[in-house]
Amino acid sequence: MAHQIYQAIVDGILVGGVYALMAVGLTLIFGVLDIINIAQGVLVVLGAYLSYELSTRLHMDLFLGLLITVPAMFVIGVVIQWAFIRRLRGRERTSMTLLVTYAVALIIEGILYEIYGPNVKQLNASYVQSSVHIFGFYLPYIYLYGFALAVAVIVAIYALLYRTRFGRSVRATMQDETAARLIGVDVNRVAAITFGVGVAVTAAGGMMFGATNSFNPNSGYDLISRLLAIIILGGLGSIGGALAASVFMLTVESLVTIWSPEWAIVVFYAALVVVLVIRPTGFFGRQPVRAQ
Amino acid sequence: MTALLRTEGVGKAYGGVHALDSCTVEVEEGSVAGLIGPNGSGKTTLFNVITGYAKADAGHIYLGDRKITNAAPDRVFGFGIGRTFQLTRIFASLTVLENMLVASPNGRAAARRRAMEQLEFVGIAGHHAEPAGTLSYGQRKLLELAYVLVADPAIVLLDEPAGGVNLSLVNTIADRIRELNAAGKTFLIVEHNMEFVMGLCDRVTVLDSGTVVAAGPPAIIRTDRRVLNAYLGEDLPDNDPHPGEQS
Amino acid sequence: MSAQRAVSGAALIVLVAAAVAFPVIFSSPVVTNYAVYALIFVAVVSAWNVFSGFSGYISLGHAVFFGSGAYAVGIAAKDWHITGTGVFALLPLAAAVGAVIAVPFGLIALRVRRHTFIVITIAIFFIFQLMAYNLNSFTGGTIGMSAPFLPWSPTTFNDRFYYITLACAAGAVVMAVLIRRSRFGLQLRAIRDDEDRARGLGVRTMRVKMTALVLSAAVAGLVGGVWFLYLTQVLPNTGFDPLFDLALVLMAFLGGLGTISGPIIGALIIEPGQLYLTIKYTNGYASEILLGALFLLIVLFMPRGLVPTFGEWVRRARTRGRPVVPPPASQRAAPPSGLRSEEPATSDEGRRGLKAARRRAGRAT
């Protein structure tokens with residue numbers, strides 16, 4: 001029994017890494033642009049399908065395929081932001097962008113369904129099936145690589161935000177859009193690129209998700225609920241928070257699954273509701289402005 | 001005469017910035033009090049703390065004998081404190097008359113009558129059926145004044161009532177305030193327009209960096225060295241992007 | 001003025017007469033089926049609008065009330081062994097269930113800001129869907145619940161349900177109209193425009209929002225019960241359908257959020273369309289794609305919806321040359337004299353509003 005629990009914890013941490021990869025993009029987009037991108041779930045699935053195409057048609061290694069899917073998703077993200085989100089302004093902007101991204105999610109899901117149908121797929125590679133066996137625990141290679149990837153991506157984003165000029169513009173926009181504009185920051189460009197980066201990261205997340213789960217176009221719903229719970233728990237806009245919350249939530253779910261698999265997902269929803277009520281900014285989030 | 005509104009040693013910090021520090025301001029009943037100070041001196045923050053839009057970190061607020069520190073905005077309103085905002089906040093999709101009715105406590109017909117009276121008092125009764133969003137800036141200022149008055153508060157806090165409007169309207173607003181004051185209403189007015197303040201107020205308090213540096217009749221304040229120092233000469237127009245932020 | 005009222009009064013009478021005569025004229029059950037669905041959505045969207053449209057809190061969780069009402073009727077009919085037309089007596093129960101669920105729903109969800117509210121409603125929705133799947137003994141799990149048999153011929157069945165749903169729709173619309181005209185409705189709309197300011201003027205915002213939510217939920221629950229009896233079946237993913245609320249939002253936005261007639265028109269346009277697509281492409285996701293695409297188009301090109309935009313064209317035609325009315329809710333004030341700086345209104349509507357405001361300032365105060 002104890003061994004089961006420990007294995008569940010280990011599983012939770014490893015899977016948490018995968019989810020962190022998916023959540024980081026979402027929290028970045030919210031932190032900078034005040035946009036809750038509901039389409040993130042389906043974009044992860046899209047990333048998985050892209051990796052699937054590359055691996056089955058061109059026989060590319062999954063990680064190598066990222067060199068193509070990441071820029072592709074970046075472009076998709078920029079297009080979405082530019083075409084639909086840029087125009088939304090005004091007081092109800094955050095609510096409106098939520099609805100707009102929901103609509104985009106529906107469209108992408110529908111198109112994927114038309115192309116691929118309801119049958120599930122999974123990404124395959126030599127390292128997907130095998131694990132390393134340490135101290136009686138099974139650590140699948142894919143998860144280890146994935147965790148490393150997640151850390152690498154997070155480090156890269158931190159470097160982008162804190163070590164580059166562009167990153168400075170992003171942080172300025174995050175704090176005060178008007179002030180940033182006044183000092184010459186091209187806010188529109190920052191918005192488009194940040195959204196693009198947020199979506200590009202989901203390419204990596206999508207590949208990892210596809211390698212560790214079977215997926216079909218419907219998988220997006222479940223995913224986005226979990227991702228929302230994670231980023232809200234970790235604090236909207238906090239990247240470190242996304243990592244911490246991912247690991248935490250997935251570990252809890254993993255433990256709850258030992259007793260009751262069907263109710264395990266409730267952990268996410270319940271956590272989401274509880275946190276939002278008690279501490280709406282999550283554990284690491286920014287302080288809200290008082291007026292609506 | 002007793003002080004109707006009194007803030008005692010109020011402090012408020014935003015992060016490391018002390019917007020208010022040991023701020024003690026008194027407003028006597030039946031007077032028109034002015035609150036002036038350079039940009040960033042904490043005037044709007046003080047209003048926010050008094051009316052419950054911001055929490056005081058230290059000190060207390062008294063309305064008469066009652067302690068109202070950190071009461072929520074709707075309770076503060078119920079106690080009889082009305083307030084306008086630096087950037088006019090009106091209900092844009094409601095008609096002018098409907099804006100008035102949001103604040104009124106009475107029943108149907110009585111409320112409408114009283115609302116129309118107030119609208120006529122400020123001079124925009126002709127627009128009562130139009131969406132408030134279509135009003136010009138000056139008209140919105142008048143509307144805000146009107147609906148704050150409709151609930152007959154004991155004291156009215158005006159945040160830059162003369163800001164950004166033309167001269168004749170400024171005089172109109174000043175006249176209305178005088179009329180209401182003559183009928184017994186107390187006012188506390190934040191303003192940058194010196195002529196407006198000096199011509200209207202019985203007593204002026206000067207804030208600088210969150211504390212009171214001087215208080216007294218306008219004539220004295222005008223020549224007080226500390227006040228002149230605080231302002232450093234020229235008085236620049238305001239540029240705050242959000243209501244509720246410190247001014 | 002009174003000529004206008006006479007005209008709209010007459011139009012209303014014609015509309016009511018047409019609605020009542022509809023199944024007699026179009027007696028095919030296929031046609032009345034479309035009408036029943038359309039009316040169901042007219043009722044639900046009007047109820048949804050009373051809460052979300054007036055207060056500005058967009059709920060993506062109304063399926064919770066709808067589905068709960070449906071399941072309530074199913075579970076009660078099964079447990080209390082009710083058959084035949086007696087099931088209709090269970091409808092008030094469905095409404096009550098919706099109302100009761102709305103209380104904790106609102107207490108939890110209404111404490112947060114608007115965009116967070118939307119997320120919470122989504123979370124609560126998924127919790128309920130999950131419960132429907134997992135609480136097997138109670139809800140029937142993946143098999144769902146079936147309604148008791150009603151001894152009516154197909155045509156009679158559809159016709160009777162037509163009138164039942166017509167009554168529901170009429171009731172919901174009347175409720176919406178009454179609320180909008182009341183002081184309560186005024187407070188709701190003030191909350192939508194500036195909630196903090198409304199609080200500062202003495203509006204008991206939590207109480208007002210909760211009341212609107214409970215009323216809205218009761219109607220949604222009731223209609224959910226009716227829908228269940230019509231369809232004779234409820235499953236976890238039909239009673240709690242993720243697309244349900246998005247369809248409501250789309251209908252309301254298409255017609256004009258916050259207006260009364262807007263969502264009705266939106267429902268009458270979209271629901272038959274969606275139904276048609278679902279029947280024609282049973283395995284496809286065409287309706288989903290179209291729903292999403294339609295929503296995007298509306299948000300981009302006609303954000304205020306059909307009714308306000310159309311009303312504006314009419315107004316512009318009638319008062320040629322006078323300045324355009326700037327859009328009410330979502331733009332900040334643009335000071336005409338330019339002394340105060342504010343966040344510049346950069347959207348088209350904002351720019352128009354700015355121009356109009358400047359033009360007005362050029363004239364008297």
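This is a predicted model: local features need pLDDT of at least 70, side-chain atom pairs count only at pLDDT 80 or more; totals for chains, interfaces and linings use all residues.
In chain B, four strands form an open sheet in the order β2-β1-β4-β5, and their pairing is antiparallel. The edges of this sheet are taken by β2 (17–28) and β5 (66–67) of chain B, each of which pairs on one side only. Strand β1(B), spanning residues 3–14, is joined to β2(B) by eight bridges in the antiparallel sense; within this pairing, A3(B) has E28(B) as its bridge partner, and L5(B) stands opposite V27(B). The hairpin that β1(B) and β2(B) make has two residues between the strands, and G15(B) adopts a positive phi there, near 65°. Strand β1(B) also pairs with β4(B), which covers residues 58–63, again in the antiparallel sense and over five bridges, with T7(B) placed opposite I61(B) of β4(B). In a regular strand, side chains alternate between the two faces of the sheet.

In chain C, helix α9 runs over residues 205–231 and comprises 27 residues. From the first C-alpha of α9(C) to the last, the helix reaches 38 Å, which is close to the 39 Å expected at 1.5 Å a residue. With a residue counted as buried if 20 or more other C-beta atoms lie within 10 Å of its own, 20 of the 27 residues of α9(C) are buried, and the helix is therefore largely enclosed by the rest of the structure. Directly after α9(C) comes T232(C), whose phi is positive, near 60°.

Conventions. Residues are numbered from 1 along each chain as its sequence is written. Chains are lettered from A and ligands numbered from 1 in the order in which they are written. Two strands pair if DSSP finds at least two bridges between them. The expected span of a helix is 1.5 Å times one less than its number of residues. A residue is buried if 20 or more other C-beta atoms lie within 10 Å of its own, exposed if 12 or fewer, and partly exposed in between; C-beta atoms are placed from the backbone.
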